[in-house]
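Me: I have a structure to go through and I'm new to it. Can we take it piece by piece?

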Amino acid sequence: MKNIAIICDCDNTLMPDLPSLLLKDNEIEPQDFWDDIDLLVRDGWDPPIAWMTKLIKLIQDEKIKQNTNEKLAEFSASVDVYPGSDTFINEINSKLGTDSDVSVEGYVVSSGIESMMKGSKIAKSFADIFGGRLYEKDGIISGIKSSITFTEKTKFIFAINKGITSKIREKPYDVNNFISESERRIPFENMIYLGDGPSDIPCFSMIQKLGGNSIAINSTDSWSKKWEYELRNREMVPFEPDYSSGSKLNVRLGEIIQTFV
C-alpha cells in the first residue's frame, strides 16, 4: 500500500482566519489586534506566541466570552469552511476505490489554535490536526501549552514521515530517533503540502527539495498581518481555496495523486 499525505495549513488555507473571526464575534476589531501584534513582533516576539498571549489576556479580561478550549471548539464549529475543504480527502479516496493500492491521509499542521481547528467542520476528514495548545486553570484558559512556529512545522512533517504522529505530543524528542528510509511510513516524495503564507515556506522548501509537491493557496484574509511577506514572492502560482469537485485546485490534486496509481 502506498500511503500519500496531504498536509495543510488551516487558517486562510482550509477556512477563513479563525482567530480573526473569534475577535469579530466578540466585537473586537481584528485589524487593531493584528496591528498591535505587529508592534510586538518588531520588538522581537515570535508571532504565534505574541498573538496567543494577547488573546489569552483578552480572555482573562473577560473581553472574549469563549474562555475554555471547549467553548473555542464550539465557536469554530459554526464557521463556514472553504468549498469542499471538509470533504475533498474522503472524496479522493472514494474515487481511488477499495481495490487501489494507494491510500490518502490528511493532516493539518498550523500555527493556529488546535482546539478550535479540532472543533471545526474539517476535523473528521483529517487523520490528525496539530496546532498551538492552550491550558486551563480553575476552569479558564490561562496560558500557552505549546506553539507551532515557522520551522516548528517541519517537526510534524518528520513525524508524519516516520509514522510517529500518535506519539509526537507526549514524546517530542522521538522525532529525532533514527529510522531508515525504507522503514519510514510516508516518504517525502509522497507528500503534498498546501499553505497560504510565510509560515509555510520552510515546509514548501523542504518537501519540494525531497521530491514532494507544494501548492500555494491564494489567501482571502481580510485582515493584514504586517509581519507576513507575500507568498507570491516565492514564484509559486497560487490556487483559489476551492476544493470542490472540478475546481482547478481539486483537478491539480487529482493529477498529483494519479502519479502514484
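Me: Where does Met 236 lie?
Reply: Met 236 lies in the loop between E6 and helix H9 (248–258). Helices (H or I, at least four residues) and strands (E, at least two) are DSSP runs, numbered from the N terminus. Two notes on the source: this is a predicted model, where local features need pLDDT of at least 70, side-chain atom pairs count only at pLDDT 80 or more, and totals for chains, interfaces and linings use all residues. Residues are numbered from 1 along each chain as its sequence is written, and side-chain values use heavy atoms, with hydrogens and water left out.

Me: Is Met 236 buried or exposed?
Reply: Met 236 is buried, with a relative accessible area of 15%. Buried means under 20% relative accessible area, exposed over 50%, and partly exposed in between (1.4 Å probe, protein chains only).

Me: What is Met 236 in contact with, leaving aside neighbours within four places in sequence?
Reply: Phe 204, Ser 214, Ile 215 and Ala 216. Contact means heavy atoms within 4.5 Å.

Me: What comes just after H8?
Reply: Gly 211, which takes a positive phi of about 100 degrees.

Me: Which residues have a positive phi without being glycine?
Reply: Glu 27 is one of them, at about 60 degrees, and Asp 138 is another, at about 55 degrees. Most residues other than glycine have a negative phi.

Me: Where are those two placed?
Reply: Glu 27 is in the loop between H1 and H2. Asp 138 is in the loop between strand E3 (128–137) and strand E4 (140–146). Glu 27 is exposed, with a relative accessible area of 76%, and Asp 138 is exposed, also with 76%.

Me: Back to H1 and H2. At what angle do their axes cross?
Reply: The axes of H1 (residues 18–25) and H2 (residues 30–42) cross at roughly 125 degrees and come within 9 Å. Axes are lines fitted to C-alpha atoms, for helices over the stretch in contact, and angles run from 0 to 180 degrees between N-to-C directions. H1 and H2 are therefore oblique to each other. Angles under 35 degrees count as roughly parallel, over 145 as roughly antiparallel, 65 to 115 as roughly perpendicular, and the rest as oblique.

Me: Which residues make that contact?
Reply: From H1, Pro 19, Ser 20, Leu 23 and Lys 24; from H2, Pro 30, Phe 33 and Trp 34.

Me: Phe 33 again: what about Lys 54, which is in contact with it?
Reply: Lys 54 lies in helix H3 (residues 47–60). At 25% relative accessibility, Lys 54 counts as partly exposed. Besides Phe 33, Lys 54 is in contact with Asp 36 and Ile 37, with neighbours within four places in sequence left aside. Lys 54 and Asp 36 are 18 residues apart in sequence and 9.1 Å apart in space, C-alpha to C-alpha.

Me: And Ile 56, buried or exposed?
Reply: Ile 56 is buried, with a relative accessible area of 6%. Ile 56 lies in helix H3 too. Not counting residues up to four places away in sequence, Ile 56 touches Leu 134, Ile 141, Ser 142, Gly 143 and Ile 144.

Me: New topic. Which residues touch the most other members of the largest nonpolar core?
Reply: Ile 6, Phe 88, Ile 122, Phe 126 and Leu 194, out of 54 residues in that core. The largest share, 7 residues, comes from H3. A nonpolar core is a set of buried Ala, Val, Leu, Ile, Met, Phe, Trp, Tyr and Cys residues joined through side-chain atoms within 4.5 Å. A second, separate core of 24 residues includes Ile 148, Phe 156, Ile 157 and Ile 160.

Me: Last one, Glu 105. Buried or exposed?
Reply: Glu 105 is buried, with a relative accessible area of 14%. Glu 105 is found in strand E2 (residues 102–113).

Me: What polar contacts does its side chain make?
Reply: The side chain of Glu 105 makes one with the side chain of Tyr 107 at 2.7 Å, and one with the side chain of Arg 185 at 2.5 Å. A polar contact is a pair of N or O atoms within 3.5 Å; within protein, one must be able to donate a hydrogen and the other to accept it, and residues adjacent in sequence count only if both atoms are side-chain atoms.
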